[in-house]
Amino acid sequence: MYSMLMLLGLAALLGASQGRTDCYGSVNRIKTSGASCKTAKSEGLSYCGVSASEKIAERDLRAMNQYKTLIKKVGENLCIEPAVIAGIISRESHAGKALKNGWGDNGNGFGLMQVDKKSHTPRGQWNSETHLIQGTNILISMTKTIQRNFPRWTKDQQLKGGIAAYNFGTSNVRSYDRMDIGTTHNDYSSDVVARAKYYKKQGY
């Protein structure tokens, strides 16, 4: 009980209890090229870019809305934009639609955020708050590493780097302009940011 009170006090000090979600930058300030043609084609689209990302995110919206309250709660508790969490969920699992019994990636990725069982011990049910907390904390940890590795980047650029790292690890983020080279379809953070911007407009 005492440790929980201490944690609550710490959260209050950090401003997280005020529902802040801007500790790691904002997707609306990030310029993005959106989905690559390879990602768009895999989704059955004949066009690429931001409009493709938005269309994919729109297709996932109904499924995503089942988790909107949870996503917003986790984002506010961890002081990161809920829209970013939603963008990753859309890219990783189409809000759960691409999963089989909560698993994807040939049985290696767990849950809405596809926590990699080779690197982490999955926690909670695949669509639970516990799972979202774990996935979001992995993203935050990677973003903090990018902050240390690239202290001259803006907070928003560091967030984009953290998103790319969520896909292929912090050591592979080497420059801002070529950040996504080596990620799945070479567009991971650009696509996720474009989807996140869409979800932000939907109240995430």
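A charge is taken to sit over a ring if NZ of Lys or CZ of Arg is within 6 Å of the ring centre and within 35 degrees of the ring normal. The legends below describe close-up views of a predicted model.

**Figure 1. Lys68 over the ring of Tyr204.** In this view of the predicted model, Lys68 lies over the face of Tyr204. The distance from Lys68 to the ring centre of Tyr204 is 5.0 Å.

**Figure 2. Stacking of Phe150 and Trp153.** The whole structure contains 5 aromatic pairs. In the pair formed by Phe150 and Trp153, the ring centres are 4.1 Å apart and the planes lie at 15°, so the pair counts as stacked. Phe150 and Trp153 are both buried.

Figure 3. Phe150, Trp153 and Tyr176 are linked into a cluster by ring pairs. Tyr176 also has a charged group over its ring: the charged end of Lys160 sits there, 5.5 Å from the ring centre.

**Figure 4. Crossing of helix 6 and helix 7.** Helix 6 spans residues 129-149 and helix 7 spans residues 155-168. Their axes come within 8 Å and cross at roughly 125°, which makes helix 6 oblique to helix 7. The crossing of these two helices is right-handed.

**Figure 5. Residues in contact between helix 6 and helix 7.** On the side of helix 6, the contacts involve Gly135, Ile138, Leu139, Met142, Thr143, Ile146 and Gln147. The residues of helix 7 that they meet are Gln158, Leu159, Gly161, Gly162, Ile163, Ala165 and Tyr166.

Conventions. Residues numbered from 1 in each chain as written. Predicted model: local features only at pLDDT ≥ 70, side-chain atom pairs only at ≥ 80, totals over all residues. Heavy atoms only, no water. Phe/Tyr/Trp six-rings, centres within 6.5 Å; stacked < 30°, edge-to-face > 60°. Buried < 20%, exposed > 50% of the residue type's maximum accessible area, 1.4 Å probe, protein only. Axes fitted to C-alpha atoms, helices over the stretch in contact; angles between N-to-C directions. Helix = DSSP H or I, 4+ residues; strand = E, 2+ residues; numbered from the N terminus. Parallel < 35°, antiparallel > 145°, perpendicular 65-115°, else oblique. Left-handed = near helix turned anticlockwise from the far one by under 90°. Contact = heavy atoms within 4.5 Å.
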